[in-house]
Amino acid sequence: KVLLEVHGLCASVNSVEILKDLDFTVRSGEVHAIMGQNGSGKSTFAKVLAGHPAYEVTGGSVLFEGQNLLALKPEERARAGFFLAFQYPIEVPGVINSQFLRLTYNTHQKQRGKEELDPLEFDDFVRERMGLLEMNPEFLDRSVNEGFSGGEKKRNEILQMALLEPRLAVLDETDSGLDIDALRIVAHGVNQLTTQDNAIVMVTHYQRLLNYIVPDYVHVMDGGRIIKTGGKALALELEARGYEWVSDEHKTTA
Ligand code: ADP
Ligand code: MG
Ligand code: MG
């Protein structure tokens with residue numbers, strides 16, 4: 001079943017066109033990796049899907065389960081089952097992570113007309129999910145605004161994903177400086193959370209991550225479009241040969 005269908009997507013930021021005629025399709029049960037050199041437009045694509053206000057869509061279409069995703073506000077996208085990976089409180093003095101996560105979870109439940117959990121019920125639920133991800137429960141007591149490292153943010157993101165159980169999650173790893181533990185948590189989480197009914201898109205330039213996650217498809221992004229798609233072997237080939245040959249190959253065949 002097709003979950004996400006992107007056709008000829010064009011988008012700009014500060015009047016500069018970044019995404020240029022991008023096509024991309026995701027079906028349920030699939031894990032996709034989007035790779036590419038710095039500046040190829042990977043994060044821009046993730047942000048456009050999430051509905052980041054700084055990015056202007058100038059052409060093309062995005063259907064999510066047949067619905068026009070681009071017409072939805074970011075919170076409506078979340079309600080429809082699309083996971084937004086950039087929901088961090090900028091400044092929430094004194095809020096500990098368990099409270100933040102419960103607030104996030106209950107807000108989501110309320111928006112979908114589902115049952116909210118009280119602190120004790122939530123505590124059981126979140127610990128069960130953390131067990132699944134092999135995360136240390138001490139993480140719940142951390143203060144949200146007291147400088148989560150890049151790796152800790154990623155862990156929290158995976159935990160949010162495990163709580164919200166989205167239909168489609170897009171995870172942009174590019175700028176997070178993942179240490180080996182965070183890498184394992186992210187990979188383990190993705191592997192645990194993927195079912196036949198959902199799908200995950202990993203945006204990464206770490207080939208290393210793909211030693212832990214076996215993607216069904218690997219895409220290479222260049223100049224704001226996807227120029228090559230392959231299986232997991234493509235990630236290994238990119239690791240061995242870099243990205244240049246893909247652009248060259250694309251230029252000669254285009
Ligand atoms: P990637 O994630 O693949 O490294 P990005 O999507 O972050 O690439 O960036 C793609 C291009 O868009 C780069 O050339 C970058 O400089 C430009 N860009 C991204 N965000 C902005 C912005 N807010 N203002 C101006 N240019 C931007
Ligand atoms: Mg990008
Ligand atoms: Mg990026």
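Biologist: How many polar residues does the shell around ligand 1 have?
Modeller: The model is predicted. In it, 14 residues surround ligand 1, the closest being Gly-39, Ser-40, Lys-42, Ser-43 and Thr-44. By class, 4 members of the shell are nonpolar and 1 is charged, while the number of polar ones is 9.

Biologist: Which element gives the largest share of the shell around ligand 1?
Modeller: Two elements give two or more residues to this shell, β2 (16–27) and α1 (42–50). The largest share is 3 residues, and the element it comes from is α1.

Biologist: Why is the protein said to be as compact as a globular protein of its length?
Modeller: The protein has 9 helices and 10 strands. For 254 residues the globule rule gives 18 Å, and the protein is as compact as a globular protein of that length because its radius of gyration is close to that value, at 18 Å.

Biologist: What share of the contacts with a separation of 6 or more joins residues 24 or more positions apart?
Modeller: The C-alpha atoms fill a box of roughly 60 × 40 × 35 Å along the principal axes, and 38% of the 254 residues count as buried. Of the contacts with a separation of 6 or more, the share from residues 24 or more positions apart is 70%.

Biologist: Which residue of β8 is the bridge partner of Ala-33?
Modeller: Strand β8 runs parallel to β7, with 5 bridges, and there Leu-168 has Ala-199 as its partner. Strand β8 also runs parallel to β3 (residues 31–35), with 4 bridges. The β8 partner of Ala-33 is Met-202.

Biologist: What do the buried residues of α5 pack against?
Modeller: Helix α5 (residues 150–164) has 15 residues and reaches 21 Å from its first C-alpha to its last, close to the 21 Å expected. Its buried residues include Ile-158, Leu-159, Met-161 and Leu-163. The elements that the buried residues of α5 pack against are β6 (82–83), α3 (97–111), α4 (119–132), β7 (168–172) and α6 (180–193).

Biologist: Which residue just after α5 takes a positive phi?
Modeller: Helix α5 covers residues 150–164. Just after α5, a phi of about 45° is taken by Glu-165.

Conventions: Residues numbered from 1 in each chain as written. Chains lettered and ligands numbered in written order. Predicted model: local features only at pLDDT ≥ 70, side-chain atom pairs only at ≥ 80, totals over all residues. Expected span 1.5 Å × (residues − 1). Buried ≥ 20, exposed ≤ 12 C-beta atoms within 10 Å, placed from the backbone. Contact = placed C-beta atoms within 7 Å. Near = placed C-beta within 6 Å. Nonpolar A, V, L, I, M, F, W, Y, C, P; charged D, E, K, R; others polar. Rg over C-alpha atoms; globule rule 2.2 N^0.38 Å. Pairing = 2+ DSSP bridges.
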